[in-house]
Amino acid sequence: YNTMSLTLYAEEGNWSTSALTTIARHAGVYVNVVTEYDANDVSGLSPGGQVPVLATEQGGIFQVNAIARYLARNGAGLPTYGETEFEGALIDGWLDWARAKVEGPVSILTPEEVLLATDYWVMKDTVEVLTQDLKVLNTHVAKNTWLVGRHMSIADIVVALTVKPLFTELFGAKQRKPFNNVLRWVQTVLNQPGVVADCGSDFKLLKNSPMPTTPPKRETKDEVIDVVPDVSYLGEIESSLDLNEWKTKYANADPTRPEATDWFWQNYDDEGFTLWFFHYKFFEECTVQFKTNNLFGGFLQRSDAIKAFSRNTCASMCVLEKDSFFHIYGVWMIKGNELPMPWTENIDDVNYYEWSKVDITKEEDKNLVSDYWAWESENNFGGKGEFRAGKTY
């Protein structure tokens with residue numbers, strides 16, 4: 001064992017405490033774990049006294065991934081940080097992936113009392129995004145025993161313990177079925193002798209999920225706003241474009257480009273409809289993807305409370321990542337020449353976005369519209385960022 005003087009201040013029973021003690025054991029680093037402490041013990045070791053924090057002779061190290069990397073790099077035991085620099089970089093990637101894609105959603109979906117206190121529509125959107133991200137992990141572990149290399153690494157330990165609550169506290173048999181590879185891999189990690197010693201062997205699967213299947217009555221879409229505005233007048237605007245036909249074509253075309261996008265431009269009617277680019281103004285607050293997705297999901301939910309709105313519009317939203325922020329961009333097609341006043345005056349979300357009319361005489365505007373419909377772009381949507389998620393209305 002490496003005999004450095006290290007003390008880990010952490011919450012008893014927290015997954016991160018189990019992960020870090022397991023990593024220390026495998027890396028051959030002795031760590032004194034303290035779960036009973038006061039503010040003075042951790043003051044100055046981490047911003048705001050957050051835990052877990054590792055006290056070293058040089059100072060405090062905070063955040064799970066940073067502590068995990070430090071322990072692995074200074075270990076005298078198994079190669080938990082990979083056998084090469086390349087493997088180390090891959091391990092970093094999986095650690096960051098778990099923090100960005102899984103840790104946040106798990107925190108609002110588990111345990112059950114937190115789940116049931118979460119807004120139904122937020123829960124629904126979060127699960128939708130989370131399951132898409134888990135497909136990435138499921139595909140990877142289908143052909144790999146470990147996330148990186150020939151041995152269990154800190155990535156396996158951290159990621160497995162991050163996703164574990166999904167199987168023990170959220171997913172029933174139906175929800176687990178698409179992720180059998182992930183389940184097998186998690187069980188493989190947890191059954192390793194050194195992991196069992198720190199994380200326990202209790203791994204009970206749920207038969208049925210505690211997730212609500214329908215929203216409470218008080219959250220029905222007609223009750224989102226007190227007075228239901230009416231935009232049925234939009235239906236009186238004549239157009240050569242059959243909106244339902246477009247929506248059907250858009251939903252069923254595979255791939256969207258060129259099949260659906262070509263059809264769209266061949267049939268688009270600029271006298272009956274207007275296309276609008278939109279961008280969420282306050283992108284500085286969008287540092288977590290699933291929360292960014294939920295912003296637009298809530299916007300759609302509240303818009304749906306307006307009578308006849310969905311029958312006269314169609315939209316595509318893209319969450320794009322650039323410079324560590326998530327941006328909401330997209331295109332919205334609406335009947336008429338202006339944004340409908342019952343919508344702009346009653347749905348506050350409209351004012352959180354910048355709106356600009358699409359100029360269909362400009363080829364670059366048409367290309368960007370097609371990019372938003374297709375959720376793909378050859379130039380990162382005109383340099384706006386890399387695609388991370390999408391939603392249609």
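Over how many bridges do strand E6 and strand E7 pair? In this predicted model, where local features need pLDDT of at least 70 and side-chain atom pairs count only at pLDDT 80 or more, totals for chains, interfaces and linings use all residues. Residues are numbered from 1 along each chain as its sequence is written, and side-chain values use heavy atoms, with hydrogens and water left out. Strand E6 (residues 313-322) and strand E7 (residues 325-335) are joined in the antiparallel sense by ten bridges, pairing being assigned if DSSP finds at least two bridges between two strands. Leu-320 has His-327 of E7 as its bridge partner.

These strands belong to an open sheet of five strands, antiparallel in its pairing and ordered E8-E5-E7-E6-E9. Strand E8 (353-357) and strand E9 (386-392) each have a single partner strand and stand at the edges, so one side of each is left without a neighbour in the sheet. Neighbouring strands of this sheet are turned against each other by 20 degrees on average, direction ignored. Helix H13 (residues 289-303) lies across strand E5 (273-280), E6, E7, E8 and E9, and runs at about 20 degrees to E7; axes are lines fitted to C-alpha atoms, for helices over the stretch in contact (heavy atoms within 4.5 Å), with angles from 0 to 180 degrees between N-to-C directions.

The protein as a whole has 16 helices and nine strands, which are DSSP runs (H or I, at least four residues, for helices; E, at least two, for strands) numbered from the N terminus. Its C-alpha trace spans about 80 × 45 × 45 Å along the principal axes.
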